[in-house]
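Here's a quick tour of a model, with a look at its metals, a helix and some charged pairs. Have the structure open as you read.

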Amino acid sequence: MKYQTQNSSGFEELLAGSVIVHGHLCAGQVLGVRMSMLGLREIGVIDPKGKDRKNIIVFVEMDRCAADAVQSVTGCSLGRRTMRFFDYGKMAATFMNLNTGNAVRVIAREDSRQKAKDHFPEIENKYTAQLEAYKSMPDEDLFNVMAVSVTIPPQDMPGRPLRRVPCDVCGEHVQDMREVYQDGRILCVPCAGVGYYAVKDPPLAVRYAKKS
Ligand SMILES: [Zn+2]
Ligand SMILES: [Zn+2]
């Protein structure tokens, strides 16, 4: 694959935009912006927030600083179903062109941390040195890039929900085929026993219950 250096147009501008979204400037923003620029370039997406906005989907593998940079640069978001989150705890993201089906996974190189420190030995603070180095290090020192294929099931695609069904236990509606079939019943994920919350007794919801 071909690489070009980071000083291709717009880096500073994209970084500034990302800092606004994220709330501060950090090494993760620099890395996330660089990662996104590289990923978009590799899949041939030039105008992710304009004419290409419906042709792109990103898969982020961490819910850390860099994820906000990916959102800011690509314009992809959870709410638009163009950003999918996989909780792998890795500094990596996949960029997919829905028009061509081409996808690349970009992962930050582990040795880039040390290289970054060596880049600016005069900067005492390791973190500041990293941040500055990430701005100027060549792509190939920062990232590994791999071509990947991704299959997106129809229920995960952007657009209108394919289905909407009530849960047989709690009555809450479930869309996008996230329901679970158990012992002849249709359940939502929490009622199937694998939710992230447990309802307290008595539930606060009684305050909001409709008076009959
Ligand atoms: Zn941050
Ligand atoms: Zn339920």
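## The first zinc site

Let's start with one cysteine: Cys65 has a relative accessibility of 28%, so it counts as partly exposed. Keep in mind that this is a predicted model. Cys65 (SG) is one of the atoms coordinating the zinc ion (ligand 1), together with His22 (NE2), His24 (NE2) and Cys26 (SG), at 2.1 to 2.4 Å. Along the chain, these donors follow the spacing H-x1-H-x1-C-x38-C. Cys26 sits in the loop between helix H1 (11–22) and helix H2 (27–42), while Cys65 belongs to helix H3 (residues 65–74), so the pair ties together parts that are 39 residues apart in sequence.

Cys26 itself is buried, at a relative accessible area of 2%. As for geometry, the four donor atoms of the zinc ion (ligand 1) make angles of 88 to 140°, and the site is irregular.

The zinc ion (ligand 2) has an all-cysteine list of protein donors: Cys167 (SG), Cys170 (SG), Cys188 (SG) and Cys191 (SG), lying 2.3 Å from the metal. Their spacing in sequence is C-x2-C-x17-C-x2-C. Cys170 is in the loop between strand S6 (164–166) and strand S7 (173–175), and Cys191 is in the segment after strand S9 (185–187), so this pair ties together parts 21 residues apart in sequence.

What is the arrangement of the four donor atoms around the zinc ion (ligand 2)? The angles they subtend are 99 to 113°, which makes it tetrahedral.

## Helix H2

Is H2 enclosed by the rest of the structure or open? Of its 16 residues, 14 are buried, so H2 is largely enclosed. Its length checks out too: at 1.5 Å a residue, H2 should span 22 Å, and its end C-alpha atoms are 22 Å apart. Just past the end of H2, Gly44 adopts a positive phi of about 75°.

## Salt bridges

Side chains of opposite charge can pair when their charged atoms come close. The model has 12 salt bridges. One of them joins Arg105 and Glu61, with 2.7 Å between the closest N and O atoms. This pair links distant parts of the chain, 44 residues apart: Arg105 is in strand S4 (residues 103–108), and Glu61 is in the loop between strand S1 (56–60) and H3. Both partners fall under the 20% cut-off for buried, with Arg105 at 14% and Glu61 at 6%.

Arg113 and Glu110 also meet in a salt bridge, at 3.5 Å from N to O. Here Arg113 is partly exposed, at 47%, whereas Glu110 is exposed, at 62%. Another bridge pairs Glu132 with Lys135, at 3.6 Å. These two are three residues apart in helix H5 (residues 126–136), so about one helical turn separates them. Glu132 is partly exposed at 29% relative accessibility, but Lys135 is buried at 19%. Finally, Arg34, Arg41 and Asp139 are linked in a network of salt bridges.

Terms used. Residues are numbered from 1 along each chain as its sequence is written. Chains are lettered from A and ligands numbered from 1 in the order in which they are written. This is a predicted model: local features need pLDDT of at least 70, side-chain atom pairs count only at pLDDT 80 or more; totals for chains, interfaces and linings use all residues. Side-chain values use heavy atoms; hydrogens and water are left out. Donors are N, O and S atoms within 2.8 Å of the metal (3.2 Å for Na, K and Ca); water is not among the atoms, so sites may look incomplete. Four donors count as tetrahedral if all angles lie between 85 and 135 degrees; four count as square planar and six as octahedral if opposite donors are over 155 degrees apart and all others between 65 and 115; anything else is irregular. Helices (H or I, at least four residues) and strands (E, at least two) are DSSP runs, numbered from the N terminus. Buried means under 20% relative accessible area, exposed over 50%, partly exposed in between (1.4 Å probe, protein chains only). The expected span of a helix is 1.5 Å times one less than its number of residues. A salt bridge is a side-chain nitrogen of Lys or Arg within 4 Å of a carboxyl oxygen of Asp or Glu.
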